[in-house]
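Open the model in your viewer and keep the selection tool ready. We will go from stop to stop, selecting as we go.

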Amino acid sequence: MAAKQRSFVGVAEGVEWPLEAATLGDIAAADAALGQQYADIMRTDRKLTRQLVSFQDNKARPVYRWYKYKEGFAAALVRYMLDEVGGTSGTLLDPFAGTGTALFVAGERGMDAAGIELLPIGIEVISTRLAAQRGLRAEDLQALRYWTNSRPWRTVTPDEPLEELRITRGAYPPDTEWAIRACLKAMQDESPTVRQVLRFALLCILEAVSYTRKDGQYLRWDHRAGRRVRARIFDKGRIPPFDEAYTSKLHEILVDVNSTQTTLFGEATPTGSVSLLEGSCLDVMPTLPDTGYDVVFTSPPYCNRYDYTRTYALELALLGVDETAISELRQAMLTCTVESRGKELLPMNEGWERAIHAADSQALLQLVIGYLEGQKLAGKLNNNGIPRMVRGYFYEMACVMAECHRVLKPGGVVVMVNDNVRYAGASVSVDLILSDLAQELGFNVQNILLLPNGKGNSSQQMGAHGREVLRKCVYVWRKG
Ligand SMILES: C[S@@+](CC[C@H](N)C(=O)[O-])C[C@H]1O[C@@H](n2cnc3c(N)ncnc32)[C@H](O)[C@@H]1O
């Protein structure tokens, strides 16, 4: 947090000491004390299965299954939690909308919903779904059927090279790359709506037909790509031919559109309006009116070093995001990777002073940052960007949470899905730290709902720290 650097001084028994000297023991003690403070409202909810809190459950759901957003949550989770918190009417906001799961479920329930999203792939998924929801005309459906059955790209000779980024070069088998280019050329003759759906279907299959697999922090490369790989040889298994993958995705979309035009989006089902605001929620939220929303339902990026701009690079390249734009995007995203340089929060918005002060005063957070800074000074971190990332994550989240509080109506509720993390042996109780910040910002922390089985460590950390599980939770905070 460049705007207001802390000097990392803690006070213990009246004596000041540098926070860099914080130990794992200090963190454990502060964590236990904070855990005690929230013990009454922390409980395991057996209905919150891993299936529900991840994208898994969407895989068999019409429309939700089109684009597999691994970072998404299940539509069923949104339904379940909205029932739990009594979110049945009014307006829902998701400041980290992703592919819009919360928005579309809210819409199906007759609520109005607004989402904010920065990543072009999320924006494209939401926009295409909105176009489909508005209803495709008979001639659009006919054109899509023609593409599925007649495969017009097969007779087209592409003339444009495929848009690439350094990290996506050579991502497809040669026949597939040719077919993608031919497909992009052939769709130019279609109407804007049909073209949008065709391009969307292409985005949905890029990973499957490529030599890559999304793997959290980066793209993993199959050995058949012929890249020099330092890591273990990786074989992703069968890579389907382009025609098979593309026609099957188009078929799926047509089946779902046909079934949902009579049920989901039909007159029998109440549908609220769904809208999308493009950009960073740190820029967009301050433009939203006070007390305009009833529910904030969201899952921010986790503080886990996952880099969306790398894992979604194939899609971003196809959407025309170039090297400059991707680095800008990386910095604009909520800080959760070691490459984030941190944001000047106070200059962005003077109204965030209270949020920044809340983070400055959160004892456990300061101990964690101090400990990580100390580990960095001692040369013990595998990446020196970790303390800056952890600090940036919580300070930015504090500002987002202050905005959530401002835009919610009195009695409004935040439902947030997030994971705890661990760095350099220190468990970071994201659930407790964020909930304590929420309390400080005027929320009443109603529940911290734990998934029955916490997430295990990464295999590297497992050796060093045993099988201690990291909590995965859904938080419920209500504005008083
Ligand atoms: C965990 S995902 C949310 C997934 C969503 N719940 C769904 O079901 O699709 C977090 C999202 O936050 C977005 N994001 C990251 N930084 C952002 C920012 N500053 N403003 C808005 N969105 C951001 C990411 O692009 C990502 O789509």
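Select helix 4 (residues 101-108) and helix 5 (residues 120-134): they pack at an angle of about 20 degrees, with their axes 11 Å apart. Helices here are DSSP runs of H or I with at least four residues, numbered from the N terminus. Axes are lines fitted to C-alpha atoms over the stretch in contact, and angles run from 0 to 180 degrees between N-to-C directions. The angle makes helix 4 roughly parallel to helix 5. That term covers angles under 35 degrees; over 145 is roughly antiparallel, 65 to 115 roughly perpendicular, and the rest oblique. The crossing of helix 4 and helix 5 is right-handed. In a right-handed crossing the near helix is turned clockwise from the far one by less than a right angle; anticlockwise is left-handed.

This is a predicted model, where local features need pLDDT of at least 70 and side-chain atom pairs need 80 or more, while totals for chains, interfaces and linings use all residues. Residues are numbered from 1 along each chain as its sequence is written, and side-chain values use heavy atoms, without hydrogens and water.

Next, select helix 1 (residues 24-37) and helix 18 (residues 430-440). Their axes come within 10 Å and cross at roughly 60 degrees. So helix 1 is oblique to helix 18. Helix 1 passes helix 18 in a left-handed crossing.

Now select the ligand. Which residues come nearest to the ligand? Of the 23 around it, they are Tyr 69, Thr 99, Thr 101, Glu 117 and Cys 281. A residue counts as near if one of its heavy atoms lies within 4 Å. The shell holds 14 nonpolar, 7 polar and 2 charged residues.

Zoom in on the polar contacts (pairs of N or O atoms within 3.5 Å). A side-chain N or O atom of Tyr 69 is 2.6 Å from an oxygen atom of the ligand. For Cys 281, a backbone N or O atom lies 2.8 Å from a ligand nitrogen atom. Ala 332 has a backbone N or O atom 3.5 Å from a nitrogen atom of the ligand. Taken alone, the ligand exposes 600 Å², and the protein buries 99% of that.

Key
A polar contact is a pair of N or O atoms within 3.5 Å; within protein, one must be able to donate a hydrogen and the other to accept it, and residues adjacent in sequence count only if both atoms are side-chain atoms. Accessible areas come from the Shrake-Rupley method with a 1.4 Å probe; for residues, only the protein chains shown count as cover. Ala, Val, Leu, Ile, Met, Phe, Trp, Tyr, Cys and Pro count as nonpolar, Asp, Glu, Lys and Arg as charged, and the others, Gly among them, as polar. Helices (H or I, at least four residues) and strands (E, at least two) are DSSP runs, numbered from the N terminus.
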